[in-house]
Amino acid sequence: MNRSVIFSLLILVFAAESSLIAQQVLPYKNPTLPIKQRTADLLKRMTVEEKVGQLLCPMGWEMWVKNGTTINYSQAFKKLIDSQYVGAFWGVYRADPWTKKTLETGLNPELAAKAGNALQKYVMENTRLGIPIFLAEESPHGHMAIGTTVFPTGIGMASTWNPELVEKAAAIMAKEIRLQGGHISYGPVMDLSRDPRWSRVEESFGEDPVLTAGIGVAAVKGGGAGNLSQPTSVITTLKHFIAYGIPEGGHNGNTSIIGERELQENFLPPFKKAVEAGALSIMTAYNSIDGIPCTSNEYLYNDLLKSQWKFRGFVVSDLFSIDGLSGSHRVAKDRKESGELALKAGVDMDLGASGFAALKQSLQEGKITRQQLDAAVTRILQLKFEMGLFENPYVNPAIAKEQVRTTAHIKIARELAQQSIVLLENKNNILPLSNTIKRIAVIGPNAHTPYNQLGDYTAPQDSTNIITPFTGIKNTFPQAKVDYVKGVAIRDTNDIDIEAAVNAAKNAEVAIVVVGGSSARDFKTTYKETGAAVTDMKSVQDMESGEGFDRATLQLLGKQEALLKAIKATGTPLIVVYIQGRPLNMNWAAENADALLCAWYPGQEGGNALAAILNGDVNPSGKLPISVPRSVGQIPVYYNKKNPRGHDYVELPAAPLYTFGYGLSYSSFQYSNLTLKQNDKQKFEISFSLKNTSNKTGEEVVQLYLRDDLASVVQPIKQLKQFQRVHLTAGEEKRILFTVSATDLEIIGRDLKPVVEPGVFTIQIGASSGDIRLNGKITVQ
């Protein structure tokens with residue numbers, strides 16, 4: 001046999017063997033194998049560079065290029081994948097002034113799905129191992145992308161005291177993210193807010209751990225509760241770990257002064273309950289506690305979260321918070337050392353992708369171990385396998401086009417907005433307005449300014465999607481002549497026409513004046529690299545709230561109070577509505593307005609929701625999730641302070657203007673017949689009667705507070721333990737039942753461990769923390 005024949009035969013044999021090898025499915029690509037086995041197989045095939053790449057999450061809005069309806073990956077994306085093997089991107093679909101993505105230059109849901117597919121296709125077909133990427137998206141009150149549903153912000157969601165409804169909203173947010181190709185939802189914000197000066201109160205669920213836990217758990221359940229095999233489940237990211245909402249001076253990201261006991265009693269429990277509910281990602285916080293930046297706090301992540309709580313997800317840094325260990329906190333000499341501190345502390349993913357960029361060098365120098373690197377990579381890969389991305393990382397753009405922001409989704413946004421609005425004053429029952437009213441003046445800087453009612457972390461909107469108070473009122477009162485005058489701006493004292501507003505009020509039967517604040521970003525706003533806005537003393541934009549916009553006072557800015565006083569002077573009945581991101585000063589309105597409502601940032605359906613309450617189609621039922629101070633001098637003024645109770649100031653009462661849990665209704669409710677029954681050593685049935693004594697169907701949020709009368713460590717004056725939202729028709733009476741168990745009774749003892757101590761506890765049932773209707777005692781043996 002000649003050499004040429006032998007050579008040909010060898011080529012054929014080699015080709016056949018190569019074909020056979022190609023046909024063999026590598027274990028990590030075999031969907032029938034356990035995820036743990038698949039992850040281990042993939043991990044052992046990865047280079048150090050590929051492992052580090054999985055921990056990087058750079059900004060994503062420059063990762064695609066748009067040419068009409070054709071979307072492709074950008075050269076910037078190709079370079080990052082080819083050189084750094086990046087495993088995740090943040091904000092690929094994000095649109096706002098910071099990203100400079102507009103309605104024209106950004107992506108609608110159909111194009112977003114195409115963009116996600118293009119990125120995944122390149123990674124799956126052009127990388128050695130074909131590891132799909134994660135796409136992380138902001139979604140604190142709706143996916144921050146063009147064409148999605150905009151819900152009330154977190155403080156408004158909490159005002160509903162309705163976890164079931166919040167769960168429905170969260171399910172919509174998750175679905176809209178997944179339909180467009182996203183996987184990770186940044187939100188909910190679980191920080192307790194005890195300082196209204198802080199710029200991010202609007203994102204939080206308020207000041208109380210029990211309410212925050214209840215609403216947060218609902219958000220996690222709506223996001224899929226950690227069951228990533230479902231096509232509409234997301235990886236829910238809880239923000240921000242920990243005590244980020246109580247910075248010194250209200251300055252965003254400043255140090256938080258807090259002890260270990262307070263952390264255990266109030267700040268950690270909401271996160272723990274959300275983790276138990278299925279949250280699979282936790283974001284670090286920018287602040288430090290007791291000298292240790294949260295992003296390098298090994299106790300928080302390795303000990304508490306991963307060891308004690310058995311958290312099986314991953315920890316992601318806040319944007320550039322790893323870099324901040326050297327740049328802001330000055331506990332590391334450079335970014336490389338910052339990355340080492342964070343990884344060793346238990347941070348698994350670097351949002352910003354610069355803090356972990358030098359981990360290969362750190363490994364070579366022995367500054368980190370291979371085990372530490374592999375542990376972080378494993379946590380991320382496991383969730384990619386759970387989500388089924390190795391089998392199918394693609395989505396259907398046609399479905400995204402049809403099923404994002406549907407009529408059903410908008411209906412839930414409207415219902416959530418309706419239940420979030422809090423009626424604070426209703427003198428002489430001026431509300432609801434008569435359906436025979438003929439002339440209405442709608443006045444104020446937030447009466448017809450769409451973006452001012454949406455809150456921070458909101459994408460550009462088609463104007464037809466946002467219903468302002470003026471539009472909602474005009475549509476709801478078709479028999480009336482409804483006039484609109486802006487009058488003043490939120491901040492700009494040159495944008496003023498109080499005279500026109502006064503004339504409109506004089507010619508109306510009622511004046512509805514909508515004031516407050518704004519988190520509406522515009523292209524004049526400058527930003528830090530973290531995305532936080534930079535305040536500018538020369539700026540005359542409306543924005544006075546939202547990340548980076550901390551306040552020194554809580555007064556209405558600009559000429560808003562002058563506008564209110566001028567309208568009051570006309571003698572026309574005055575209804576004041578605050579649209580705001582934090583509890584601003586309401587002292588004047590509380591005393592002088594005929595009715596006062598707090599609508600927070602009610603989202604796209606805010607105008608419809610407000611109008612439905614004003615005309616009585618909807619009976620207001622919102623309750624405050626945060627106390628409203630009379631003055632910044634009272635801060636902090638949260639309801640569940642420790643004993644002893646504070647005494648009054650020289651100038652002011654110690655009590656806030658409006659207490660936690662407060663909110664009026666058009667109905668009246670009678671609480672009676674409290675019964676306390678002990679079922680077990682540490683289990684009690686608490687029941688009472690609730691009657692709607694009015695002629696209007698309504699909903700009451702009944703609240704159970706507990707006071708430990710004698711304990712080994714100082715306890716709160718009172719602490720919310722449970723609540724129920726109860727629907728009652730006119731004249732209807734129901735028996736309400738709460739079950740108090742060891743979980744409600746336990747405290748953090750002197751040894752910093754949970755304990756139920758024997759003794760007497762006071763049960764308080766009421767309509768708010770300041771309106772207790774029934775009291776009783778139980779004794780724990």
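Predicted model: local features only at pLDDT ≥ 70, side-chain atom pairs only at ≥ 80, totals over all residues.
1. Rolling a probe the size of a water molecule over the atoms shows where empty space is left. In this model the count comes to five cavities of 30 Å³ or more. The largest cavity has a volume of about 150 Å³. Its lining comprises 17 residues, and those closest to the centre are S139, A170, M173, G187 and A219.

2. Lining of the largest cavity. Helix α7 (163–179) and strand β6 (184–189) each supply at least two residues of this lining.

3. In soluble globular proteins, nonpolar side chains tend to be buried together. The largest nonpolar core here has 162 residues, of which F89, F134, F241, I567 and Y658 touch the most other members. The largest share of this core, seven residues, comes from α14. Apart from it lies another core of 32 residues, including I421, I437, I613 and L614.

4. Surroundings of I567. Leaving aside neighbours within four places in sequence, I567 is in contact with I443, A501, V502, A505, A511, V513, T572 and L574.

5. Helix α2. In α2 (residues 35–45), the buried residues are R38, T39, D41, L42 and L43. Among the elements that cover these buried residues are α3 (48–54) and α14 (370–386).

6. Side chains of opposite charge can pair when their charged atoms come close. A search of the whole structure finds 35 salt bridges. In one of them, K239 pairs with E138, the closest N and O atoms being 3.2 Å apart. K239 belongs to strand β7 (residues 235–241) and E138 to strand β5 (residues 134–138), and the two are 101 residues apart. K239 is buried, with a relative accessible area of 1%, and E138 also counts as buried, at 5%.

7. A partly exposed pair. E365 and K336 meet in a salt bridge of 2.8 Å, N to O. E365 lies in the loop between α13 (359–364) and α14, and K336 in helix α12 (residues 335–345), so the pair ties together parts 29 residues apart in sequence. E365 is partly exposed, with a relative accessible area of 40%, whereas K336 counts as buried at 16%.

8. A pair between loops. E544 and R582 form a salt bridge at 3.3 Å, N to O. E544 lies in the loop between β18 (533–534) and α19 (560–569), and R582 in the loop between β19 (574–579) and α20 (587–592), so the pair ties together parts 38 residues apart in sequence. E544 is buried, with a relative accessible area of 3%, and R582 is buried, with 0%.

Technical notes: Residues numbered from 1 in each chain as written. Heavy atoms only, no water. 1 Å grid on protein atoms, 1.4 Å probe; cavity = no way out; pocket = protein on both sides within 12 Å on 5 of 7 lines; lining within 4 Å. Points joined across faces, edges and corners; volume = space filled by probe spheres on them. Helix = DSSP H or I, 4+ residues; strand = E, 2+ residues; numbered from the N terminus. Buried < 20%, exposed > 50% of the residue type's maximum accessible area, 1.4 Å probe, protein only. Contact = heavy atoms within 4.5 Å. Core = buried A, V, L, I, M, F, W, Y, C linked by side-chain atoms within 4.5 Å. Salt bridge = Lys/Arg side-chain N within 4 Å of Asp/Glu carboxyl O.
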